[in-house]
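This report describes selected local features of one protein model. The sequence and the structure are shown first, and the description follows.

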Amino acid sequence: QIKTFVSVKQLFNTSATDGQPKLVILDEADNMTQIAQFALRRMIEQYAPNARFILICNFSSKVIPALQSRCTKLRFAPLTEEQIVGRLWHVAKKEGIELTDDGAKAIVSVGNGDMRKVLNIFQTTSMGHKGAIDAKAVYMSTGVPHPEVIDEFLQTLMNGAVSFAAGLQHLQELLQKKGYALDDFLQLLHERLVVQDMPMKFRLHLTPMLADIDWRLKQGCNEALQLAAIVGAFHEARATAAR
């Protein structure tokens with residue numbers, strides 16, 4: 001369809017469009033397969049006189065270098081909390097949806113600077129929840145672990161008085177009770193660890209081990225084994241830092 005569109009020199013048989021290239025906007029271009037991206041590269045070269053291409057993506061690293069080299073990169077920073085909150089309250093007012101302060105804060109936190117994601121979360125939560133949209137409703141609707149649960153998870157891992165077996169059992173029960181995925185926990189756990197006050201030796205030993213666990217989870221390894229590996233990583237890092 002793209003090839004058919006760009007191969008035609010004019011959209012309309014009017015002199016007003018003579019000499020004006022057509023504009024092709026491809027959203028989520030980083031989700032294209034490599035084969036499709038190589039085909040697009042050839043298309044860009046072939047139909048350069050007729051069309052200009054705008055590729056929108058979340059991760060430029062997923063776009064092949066051959067395609068990147070033919071583009072001018074424009075990077076846009078995530079929206080600030082003030083920008084998102086203002087628009088969120090505007091939408092809530094227009095739609096007649098009751099939104100609490102902690103609910104708005106939770107949506108902004110989960111949205112992570114992405115306005116489209118923020119609005120999708122708001123819409124999903126409002127459709128599946130009766131009454132005011134608060135933080136509890138947001139986290140329940142999105143399946144993202146509540147910050148209090150993450151704090152409990154981290155507190156168990158950081159407590160040197162808790163044995164390996166007891167800590168593992170507690171975390172297994174916590175995950176099963178809430179129905180959360182370990183991968184989601186690990187991402188949020190990393191955000192907590194970045195600001196956590198801990199010895200540098202402990203941090204330097206722990207970080208690469210957690211990175212390896214994250215990679216194994218991405219490859220589809222067993223969650224129960226990787227949870228045990230997380231508990232073991234904290235015990236090993238604590239023992240190393242104490243030497």
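The model is predicted. Glu-28 is partly exposed, with a relative accessible area of 24%. This residue sits in the loop that joins β1 (22–26) to α2 (34–46). Although Glu-28 is not a glycine, its phi is positive, at about 55 degrees.

Asn-112 likewise is not a glycine and has a positive phi of about 55 degrees. Its place is in the loop between α5 (101–111) and α6 (115–128). Asn-112 has a relative accessibility of 63% and therefore counts as exposed, the threshold for that class being over 50%.

Thr-156 belongs to helix α8, which spans residues 147–158. With a relative accessibility of 14%, Thr-156 is classed as buried, since that class covers values under 20%. Leaving aside residues up to four places away in sequence, Thr-156 is in contact with Val-162, Gly-167, His-170 and Leu-171.

Helix α8 also contains Phe-153, a buried residue with a relative accessible area of 0%.

## Aromatic pairing

The structure holds 2 aromatic pairs. One of them is formed by Phe-153 and Phe-185, with 4.6 Å from centre to centre and 35 degrees between the planes.

Phe-185 lies in helix α10 (residues 182–195) and Phe-153 in helix α8, so the pair ties together parts that are 32 residues apart in sequence. Phe-185 is buried, at 1% relative accessible area, and Phe-153 is buried at 0%.

## Packing of α11 against α12

Helix α11 (residues 200–218) packs against helix α12 (residues 223–242) with an axis separation of 8 Å and an angle of about 170 degrees. The two helices are therefore roughly antiparallel to each other, as angles over 145 degrees fall in that class. Their crossing is right-handed.

On the α11 side, the contact is made by Lys-201, Phe-202, His-205, Leu-206, Met-209, Leu-210, Ile-213, Arg-216 and Leu-217. The residues they meet in α12 include Glu-223, Gln-226, Ile-230, Phe-234, Glu-236, Arg-238 and Thr-240, together with alanines, among them Ala-229, Ala-233, Ala-237 and Ala-241. Sorted by class, the contact of α11 with α12 comprises 12 nonpolar, 3 polar and 5 charged residues.

Conventions
Residues are numbered from 1 along each chain as its sequence is written. This is a predicted model: local features need pLDDT of at least 70, side-chain atom pairs count only at pLDDT 80 or more; totals for chains, interfaces and linings use all residues. Side-chain values use heavy atoms; hydrogens and water are left out. Helices (H or I, at least four residues) and strands (E, at least two) are DSSP runs, numbered from the N terminus. Buried means under 20% relative accessible area, exposed over 50%, partly exposed in between (1.4 Å probe, protein chains only). Contact means heavy atoms within 4.5 Å. Rings of Phe, Tyr and Trp (its six-membered ring) pair if their centres lie within 6.5 Å; planes under 30 degrees apart count as stacked, over 60 as edge-to-face and the rest as tilted. Axes are lines fitted to C-alpha atoms, for helices over the stretch in contact, and angles run from 0 to 180 degrees between N-to-C directions. Angles under 35 degrees count as roughly parallel, over 145 as roughly antiparallel, 65 to 115 as roughly perpendicular and the rest as oblique. A crossing is left-handed if the near helix is turned anticlockwise from the far one by less than a right angle, and right-handed if clockwise. Ala, Val, Leu, Ile, Met, Phe, Trp, Tyr, Cys and Pro count as nonpolar, Asp, Glu, Lys and Arg as charged, and the others, Gly among them, as polar.
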